[in-house]
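This report goes through a model and takes up annotated positions, contacts between chains and contacts within a chain. The structure is shown first, and the description follows.

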There are 2 protein chains.
Amino acid sequence: MQTLADIGEDELIRRIVRKLPQGESVLAGPGDDCAVVHSARTPQVLKTDTVVEGVHFTTETPGRLVGRKAMARVISDFAAMAATPRHALVTLIAPPQTAVKRVLDVYTGLQALATEFGVSIVGGETSKGQQLILTIGLSGHVTGPKWIARSQARAGDHLYVTGKLGGSIRSKHLRFHPRMAEAHWLAEHLPIRAMMDISDGLAQDLPRLASASGLGFQVDLADLPRTPGCTPEQAWGDGEDYELLIALSPKTTAKQLTAWAQAFPKLKLTRIGKLVEKDQAPLVPSGGWQHFRSA
Amino acid sequence: MQTLADIGEDELIRRIVRKLPQGESVLAGPGDDCAVVHSARTPQVLKTDTVVEGVHFTTETPGRLVGRKAMARVISDFAAMAATPRHALVTLIAPPQTAVKRVLDVYTGLQALATEFGVSIVGGETSKGQQLILTIGLSGHVTGPKWIARSQARAGDHLYVTGKLGGSIRSKHLRFHPRMAEAHWLAEHLPIRAMMDISDGLAQDLPRLASASGLGFQVDLADLPRTPGCTPEQAWGDGEDYELLIALSPKTTAKQLTAWAQAFPKLKLTRIGKLVEKDQAPLVPSGGWQHFRSA
């Protein structure tokens with residue numbers, strides 16, 4: 001088995017780069033000190049995210065799915081703002097004894113999802129380290145009528161989620177499809193006030209959205225749409241659903257919600273509660289994923 | 001001693017974020033799914049880079065210098081293109097037992113250098129991992145008359161370096177000052193054809209520049225400007241100088257070189273050789289830093 005130590009950094013980069021097609025917006029891609037790309041006229045959107053061996057995937061996870069997940073996570077963050085990603089930078093940390101094939105598989109997974117969402121991988125960096133880590137920096141811009149923050153929700157807004165929650169660890173965390181088309185549709189057609197993607201579990205992420213808007217929330221766990229076989233507590237606390245959490249104006253009409261069902265007949269939009277003034281928020285069960293905390 | 005495991009991810013991010021001032025170009029900074037910033041009209045420039053405990057610094061390196069180095073390295077890459085950095089994303093990997101103070105010190109170092117170069121830290125990500133790793137994604141744009149690639153050098157161009165080479169490991173690799181002003185001055189005043197920063201040592205980086213331009217090179221090690229106490233071989237092979245390597249048209253005049261000396265009286269620009277057609281290039285000693293290779 002050929003390892004990174006066998007071929008060295010320059011040869012590894014040569015093998016990676018020849019698999020990376022570049023879009024028309026790329027003036028200088030991999031191989032220079034920086035990448036240079038055409039600017040857009042609308043506001044620029046930036047995001048970084050990382051997946052770490054032993055935390056977000058295991059040594060048993062196929063490389064292709066590791067790459068796919070790393071790219072899908074940042075694209076999901078762009079979806080959550082109703083923004084459009086364009087150019088990615090990839091930082092790879094790996095032990096020298098890592099198989100070259102595993103790293104190339106990672107890039108195959110990265111590239112497949114990048115291509116699907118119109119993203120060019122324009123640069124990157126590699127270093128040795130104790131575990132496999134992929135960090136993706138993603139740049140893009142606002143393409144729709146507006147971008148959606150977490151912080152613009154108001155008391156009385158209705159809370160919705162896409163899809164089903166809980167049990168992602170069984171497989172979905174490696175195979176989820178970022179809700180890009182859905183998010184852009186929502187920003188265009190519904191009176192949306194705030195949005196985020198659910199990456200650390202509703203139990204962590206809903207308080208973050210409410211807090212960013214200076215609000216509390218009311219949710220009945222029994223109302224959560226659940227992955228088959230999951231308890232309400234798992235739908236509430238499990239991480240890595242990568243569904244959208246949405247605050248809609250209470251003036252949202254039945255007709256608008258019907259339009260969603262027609263546009264996305266296979267993906268339910270479920271009302272799970274509402275945002276309230278802080279002093280009206282009840283205590284809720286805790287859960288979800290916090291990095292660094294002891295289990 | 002308070003550790004990351006004691007306070008958890010959300011509290012760590014709260015403590016980090018309150019120390020991060022935002023420039024006027026920032027529409028949405030840390031705290032949302034993505035950052036949103038004003039676009040520039042000129043081409044956008046993107047770069048990622050990483051520093052890894054045990055590779056680029058040690059557990060003994062003060063946190064402030066770790067952060068400083070991480071930010072200085074990407075800014076140095078922007079200098080190498082004669083581009084201007086504006087917005088940074090910071091990804092932090094750290095073991096849960098890491099002292100909170102060490103992480104805050106890292107951000108103090110990051111922030112100090114970011115402020116000096118007009119960079120806003122607009123977002124980031126954290127995860128646990130086996131060693132401390134900082135990855136910086138940097139976005140900016142072309143501000144001068146042109147950006148400088150590695151690939152536009154021609155046979156006959158003269159090779160120059162700024163400053164002195166070798167022995168960076170003694171201290172300079174933690175304290176170097178990115179050659180931003182110098183690079184922009186060169187792009188504006190001299191007939192510059194190609195440029196890069198010397199991060200892995202001239203022995204690695206000069207062949208990369210020559211190869212990007214489809215050329216070979218001729219260098220006499222005796223001509224290299226050396227850090228006091230360094231041999232020619234160390235000036236050639238040691239990494240992390242972060243000086244500029246420049247290809248100038250042979251039509252560069254003595255008057256133009258005198259103008260450099262007047263603009264930067266404390267920093268020498270030294271001619272070290274020239275670029276030649278590939279088949280005219282002699283064999284040269286190897287050296288420099290390659291990630292993944294066994295020592």
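## Annotated binding site

In this predicted model, the unreviewed UniProt entry carries the annotation "binding site" for A:Asp49 and A:Asp77. Although these positions are spread over 29 residues of sequence, they cluster in space, with a largest C-alpha distance of 9.2 Å. A:Asp49 belongs to strand 3 of chain A, an element that also takes part in pairing with the other chain, as described below.

## The contact between chain A and chain B

The size of an interface is often given as the accessible area lost when the parts come together. For chain B and chain A the buried area is about 5900 Å², and carbon and sulfur atoms give 55% of that area. Chain A contributes 73 residues to the contact, and chain B likewise contributes 73 residues.

Strand 3 of chain A, residues 44-52, pairs with strand 2 of chain B, residues 35-37, in the antiparallel sense and over 3 bridges. Within this pairing, A:Leu46 has B:Ala35 as its bridge partner in strand 2 of chain B.

Side chains of opposite charge can pair when their charged atoms come close. Between chain B and chain A the count is 8 salt bridges, and one of the salt bridges joins B:Glu125 to A:Lys47, whose closest N and O atoms are 3.4 Å apart. There are also 28 residue pairs in polar contact between chain B and chain A, counting pairs with both residues at pLDDT 80 or more. On the side of chain B that touches chain A, the residues divide into 32 nonpolar, 24 polar and 17 charged.

Over all chains, the structure holds 34 salt bridges. Among them is a salt bridge between A:Arg15 and A:Glu11, with the closest N and O atoms 2.9 Å apart. Because A:Arg15 and A:Glu11 are 4 residues apart in helix 1 of chain A, which covers residues 4-17, they are separated by about one helical turn.

The unreviewed UniProt entry assigns the annotation "domain: PurM-like C-terminal" to residues 165-279 of chain A. This span is 36% helix and 20% strand, and its end C-alpha atoms lie 27 Å apart.

A:Arg193 is found in strand 8 of chain A, which comprises residues 192-197. The side chain of A:Arg193 makes a polar contact with the side chain of A:Asp157 at 2.4 Å. Leaving aside residues up to four places away in sequence, A:Arg193 touches several residues of chain A, including A:Ile148, A:Ala149, A:Gln152, A:Ala153 and A:Arg154, as well as A:Ala247, A:Ser249 and A:Pro250.

Key. Residues numbered from 1 in each chain as written. Chains lettered and ligands numbered in written order. Predicted model: local features only at pLDDT ≥ 70, side-chain atom pairs only at ≥ 80, totals over all residues. Heavy atoms only, no water. UniProt positions renumbered as here; feature names shortened; annotations may be inferred. Helix = DSSP H or I, 4+ residues; strand = E, 2+ residues; numbered from the N terminus. Polar contact = N/O pair within 3.5 Å; in protein donor to acceptor, adjacent residues only side chain to side chain. Contact = heavy atoms within 4.5 Å. Buried area = accessible area lost by both parts, 1.4 Å probe. Salt bridge = Lys/Arg side-chain N within 4 Å of Asp/Glu carboxyl O. Nonpolar A, V, L, I, M, F, W, Y, C, P; charged D, E, K, R; others polar. Pairing = 2+ DSSP bridges.
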